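User: Hi! Could you walk me through this one with me asking as we go?
Analyst: Happy to. Here it is.
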Amino acid sequence: MIDIEIEDDAWTAALPEAEALTRAAALAALASEGADGEGVTLLLTDDEAVRDLNARFRSKDAPTNVLSFPAPTNPEKHLGDVALAFGVCAREADEQGKPLGHHLQHLVVHGVLHLLGYDHMSEDEAEAMEGLERVVLAGLGVRDPYAVSEGEHD
């Protein structure tokens, strides 16, 4: 089951289809790992709420684009929660020259993959996670978020 809470109206003001895009991305990420029956909660909120979560749970007093909170094993098959900060996400999409909807879907896939046990702490882990993100996003019609665009450098 996918639960989506839109706490910051800026998401739907900028992206009226935010809920549908979020749901599609979460379902695609779960399906990629055969976890279709698993549940996640996605919170589309503001920078301040994510800053608070980041400070309380990661000791980093700053907003970030996405946070994932894995749940302990439970009979409801709830994998955990993902929170996304509107201001950070919108700013990144603009700076990277990509549609906000594509960036949202990328970060939802990224967050859900964290709940499924993926990480990017080592180069091998990052390569595996990014490769799966590319496949899932391509299925959603989203271009490779890791491709270097003209004018960018590695």
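User: Where is the place of Val-112?
Analyst: Val-112 is in helix α5. One thing to keep in mind from the start is that this is a predicted model.

User: Is Val-112 buried or exposed?
Analyst: Val-112 is buried, because its relative accessibility is 0%, and buried means under 20%.

User: Which residues does Val-112 touch?
Analyst: Leaving aside residues up to four places away in sequence, Val-112 touches Ala-26, Ala-29, Leu-30, Leu-42 and Val-82.

User: And how many Å separate the C-alpha atoms of Val-112 and Glu-130?
Analyst: Those C-alpha atoms are 13 Å apart, with Val-112 and Glu-130 being 18 residues apart along the chain.

User: What about α5 and α6, how do their axes cross?
Analyst: They cross at roughly 130°, and the axes come within 10 Å. Helix α6 spans residues 123-139. The two helices, α5 and α6, are therefore oblique to each other, and their crossing is right-handed.

User: Which residues of α5 and α6 make the contact?
Analyst: On the α5 side they are Gln-105, His-106, Val-109, His-110, Leu-113 and His-114. On the α6 side they are Met-129, Leu-132, Glu-133, Val-136 and Leu-137. By class, the contact of α5 with α6 has 6 nonpolar, 4 polar and 1 charged residues.

User: Switching to electrostatics: how many salt bridges are there?
Analyst: The count comes to 6 salt bridges. One of them pairs the side chains of Arg-23 and Glu-19, with an N to O distance of 3.3 Å.

User: Where do Arg-23 and Glu-19 lie?
Analyst: Both lie in helix α2, residues 18-32. They are 4 residues apart, about one turn of the helix.

User: What does Glu-48 pair with?
Analyst: Glu-48 forms a salt bridge with Arg-51, and the closest N and O atoms are 2.7 Å apart. Both residues lie in helix α3, residues 47-58, 3 residues apart, which is about one turn of the helix. Glu-48 is partly exposed at 47% relative accessible area, and Arg-51 is partly exposed at 21%.

User: Which residue forms a salt bridge with Asp-61?
Analyst: That is Arg-51 again, with the closest N and O atoms 2.3 Å apart. This pair links distant parts of the chain, since Asp-61 sits in the loop between α3 and β3 (66-70) and Arg-51 in helix α3, 10 residues apart. Asp-61 counts as exposed, at 57% relative accessibility.

User: Which residues are joined into one network?
Analyst: Glu-48, Arg-51 and Asp-61 are, through salt bridges that share partners.

User: Last topic, backbone. What is the phi of Ser-59?
Analyst: Phi of Ser-59 is near 55°, a positive value in a residue other than glycine. For context, most residues other than glycine have a negative phi. Ser-59 is in the loop between α3 and β3, and Ser-59 is exposed, with a relative accessible area of 69%.

User: And what is the phi of Lys-77?
Analyst: Lys-77 has a positive phi of about 60°, although it is not a glycine. You'll find Lys-77 in the loop between β3 and β4 (78-85). Lys-77 is partly exposed, at 47% relative accessible area.

Definitions and conventions
Residues are numbered from 1 along each chain as its sequence is written. This is a predicted model: local features need pLDDT of at least 70, side-chain atom pairs count only at pLDDT 80 or more; totals for chains, interfaces and linings use all residues. Side-chain values use heavy atoms; hydrogens and water are left out. A salt bridge is a side-chain nitrogen of Lys or Arg within 4 Å of a carboxyl oxygen of Asp or Glu. Buried means under 20% relative accessible area, exposed over 50%, partly exposed in between (1.4 Å probe, protein chains only). Contact means heavy atoms within 4.5 Å. Axes are lines fitted to C-alpha atoms, for helices over the stretch in contact, and angles run from 0 to 180 degrees between N-to-C directions. Angles under 35 degrees count as roughly parallel, over 145 as roughly antiparallel, 65 to 115 as roughly perpendicular and the rest as oblique. A crossing is left-handed if the near helix is turned anticlockwise from the far one by less than a right angle, and right-handed if clockwise. Ala, Val, Leu, Ile, Met, Phe, Trp, Tyr, Cys and Pro count as nonpolar, Asp, Glu, Lys and Arg as charged, and the others, Gly among them, as polar.
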